[in-house]
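Here is a short briefing on selected helices, their contacts and a few backbone angles. Keep the structure open while you read.

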Amino acid sequence: MSTYISAENLGHSFHDHWLFRNVSIGINRGRRVALVGINGAGKSTLLKLLAGSLKPTEGKVAQMRDLNLGYLEQDPGFKDAITISDYIFHADDIQQQLIRKYEELLENHPDNSRAIEEVMEEMGNIDAWEYEYKIKTILGRLDIHHLNQKITTLSGGQKKRLALAKLLIEDPDIYILDEPTNHLDIDTIEWLEKLLTDGSKTILMVTHDRYFLDNVCNEILEIDKGKIIPYVGNYGYYLEKKAERESADEAAFQKNSNLLRKELEWMRRQPQARGTKSKARIDAFYELEDKTKNGGAKQKVELTVKTARQGNKIMEMNHLYKAFNGHTYINNFSYIFKKGDRIGLAGKNGSGKSTLLNLITGGLLPDKGIIDKGETTVIGYFHQSGIVFKEDERVIDIVKNVAEFITMADGKLISASALLTLFLFPPAKQYGFISKLSGGEKKRLQLMSILMKNPNFLILDEPTNDLDIDTLNVLEEFLTNYTGVLMIVSHDRYLLDKLTDQLFIMEPNGHVKIYNGNYSSYRLELEENKQQSKKNSVIEAPAAPQPKKSKLSFKETKELETIESEITAIEKQLHEKNEELNVAGIDTNKLNDILKQIAALNSKLDEKSMRWIELTELKEA
């Protein structure tokens, strides 16, 4: 089996702190491997080393000759590319340049039929249409539409999706992916899962999305205390074997601790000038000390702050409307929040989830309708964009700015420093600067500063980004026991399934559907309805007219040969038009025009489908 990448005795350090040492890994063709570990363990660093974008402190990385490697970074760069087209299309790839010319003509000069026909003919000559469909599908699914848009105008999420799109179009020998699901909606994540598991792709990735990890990867490498521990199996198998290993480690730790106490007593009894006879025992003591100091039960994030008292009236929303630039995001929505509500928000990117949250929190006012908030309702809002911290501010000052002492769930008061320690910020971190924190640590600090205000209505907008799986598990444990109203926007299906029992589903034209159940129940119901619709359409389809002849004419045979491709082309056009409806900020005139085109295409599709049925039955008669 071909080894694409191999690493021998790999070690890397930052500021005299070793992330890992003596690591040896081989990534063979066809393996789909996930890299897991706590924040700061060195997952992203290891990906950079294996991708060749970072040189190791020690050891070496070798790649197979002529390996086509695709690397998706957390914060991708775009070299000299100015527009989306510059980045996506290779200058030396004839097919890609023709496709670029065709797409840019359609977008910028749709009336230049002569130029469009010429490039279409050229594309046909080199069989570029299938490739064009692949490129357009990938760009459409990742919500990339305007090829002339400058990359500098894109948001962080758009840049990440653009880098992912280029990678999928190129289809490299090995995919190295750092948090590929960040900034994707759930539908797109499920599409990406199918794409990555189609064929025998080779994948090495870091992800916090446990369903995605479970569905895509069949091997797991855990970085723990500077070592790599392999698990051959999916995420469920990994959890089972990890629990067994930690149980064994805990037993060994207790044994080592007892031995260490005895050895420590012996060391203290010895005279200062030790003889050579005791040297072996002294060496053994230091080895045992090294084993023990990194062992023991792992620290956990303790999220147990007090929740403010909640009255009978929490919040009532009556007939809300909100629109921007002629596009309606919230359309006649009413809801009365109840104690114990646990609600997940689902919908495509740009469908209005953040708009609804901003209406609830008062960041936006509705165009029409009333929001009546109860007097005792205290909202805590965890923003997707995070809190803007001053980089030169110390961590402990962030907490002290909220309160010197904090009331915990059991009524006890603890100091700001003690709370930081519970949130896994040791004294060295507490008095360090914000600029030294990782993305995950900043998210944890943001969450802590919100919980300190004792909210009884907690809103979390994409809380899982940049958090490691261990921290997510503890966050979920806290949220499971949280007694206030909980609203979550997340692309993490595992989180939605575990923490919510009701969904607000953002549908086209600002309609909000209320569904009682979690996300997996909703998807299962959708799939069952889809299958039932197919069965019904077969049963209810009108009987085709009785054939008047037993075989097709030459002309009808040719018609049957081409009609299937015509139906496929119409379905493709319908897909593209439906994708256009999802573009944020679309004006009313264009919207009406697209809807008319969709109606015409549907009518044409019905006509072609009926003709296909008629010709097929004539052929078989």
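This is a predicted model. In it, the axes of H3 and H5 come within 10 Å of each other and cross at roughly 60°. H5 also packs with H6, at an angle of about 155°.

**H3 with H5**
- H3 passes H5 in a right-handed crossing.
- On the H3 side, the residues in contact are Gln95, Gln96, Ile99, Tyr102, Glu103 and Leu106.
- On the H5 side, they meet Trp129, Tyr131, Glu132, Ile135 and Lys136.
- By class, this contact has 6 nonpolar, 2 polar and 3 charged residues.

**H5 with H6**
- The axes of H5 and H6 are 9 Å apart.
- Their angle is about 155°, and angles over 145 degrees count as roughly antiparallel.
- H5 and H6 are therefore roughly antiparallel to each other.
- H5 passes H6 in a right-handed crossing.
- H5 contributes Tyr131, Lys134, Ile135, Ile138 and Leu139 to the contact, and H6 contributes Ala165, Leu168 and Ile169.
- The class count is 7 nonpolar, no polar and 1 charged.
- Tyr131 and Ile135 of H5 are listed in the contact with H3 and also in the contact with H6.

**Helix H6**
- H6 covers residues 156–170, which makes 15 residues.
- From its first C-alpha to its last, H6 reaches 22 Å, close to the 21 Å expected at 1.5 Å a residue.
- How many of its 15 residues are buried? The count is 11, and H6 is mostly covered.
- The buried set includes Lys160, Arg161 and Lys166, along with Leu162, Leu164, Leu167 and Leu168.
- Gly157, Ala163, Ala165 and Ile169 are also buried.
- The helices that these buried residues pack against are H2 (84–88), H3 (94–108), H5 (129–141) and H7 (186–197).
- They also pack against strands S5 (69–72) and S6 (174–178).
- Just after H6, Asp171 takes a positive phi of about 50°.

**Helix H1**
- Among the buried residues are Lys43 and Thr45.
- Leu46, Leu47, Leu49, Leu50 and Ala51 are buried too.
- Gly52 follows H1 and has a positive phi, near 90°.

- Most residues other than glycine have a negative phi.
- Which way does the phi of Asp66 go, positive or negative? It is positive, near 60°.
- Asp66 lies in the loop between strand S4 (58–63) and S5.
- Its relative accessible area is 73%, so Asp66 is exposed.
- His319 is not a glycine either, yet it has a positive phi of about 50°.
- His319 lies in strand S10, residues 315–324.
- With a relative accessible area of 49%, His319 is partly exposed.

**Leu447**
- Leu447 lies in helix H15, residues 439–451.
- Its relative accessible area is 8%, so Leu447 is buried.
- Leu447 and Leu460 are 13 residues apart along the chain, and their C-alpha atoms are separated by 9.2 Å.

How values were computed
Residues numbered from 1 in each chain as written. Predicted model: local features only at pLDDT ≥ 70, side-chain atom pairs only at ≥ 80, totals over all residues. Heavy atoms only, no water. Helix = DSSP H or I, 4+ residues; strand = E, 2+ residues; numbered from the N terminus. Expected span 1.5 Å × (residues − 1). Buried < 20%, exposed > 50% of the residue type's maximum accessible area, 1.4 Å probe, protein only. Contact = heavy atoms within 4.5 Å. Axes fitted to C-alpha atoms, helices over the stretch in contact; angles between N-to-C directions. Parallel < 35°, antiparallel > 145°, perpendicular 65-115°, else oblique. Left-handed = near helix turned anticlockwise from the far one by under 90°. Nonpolar A, V, L, I, M, F, W, Y, C, P; charged D, E, K, R; others polar.
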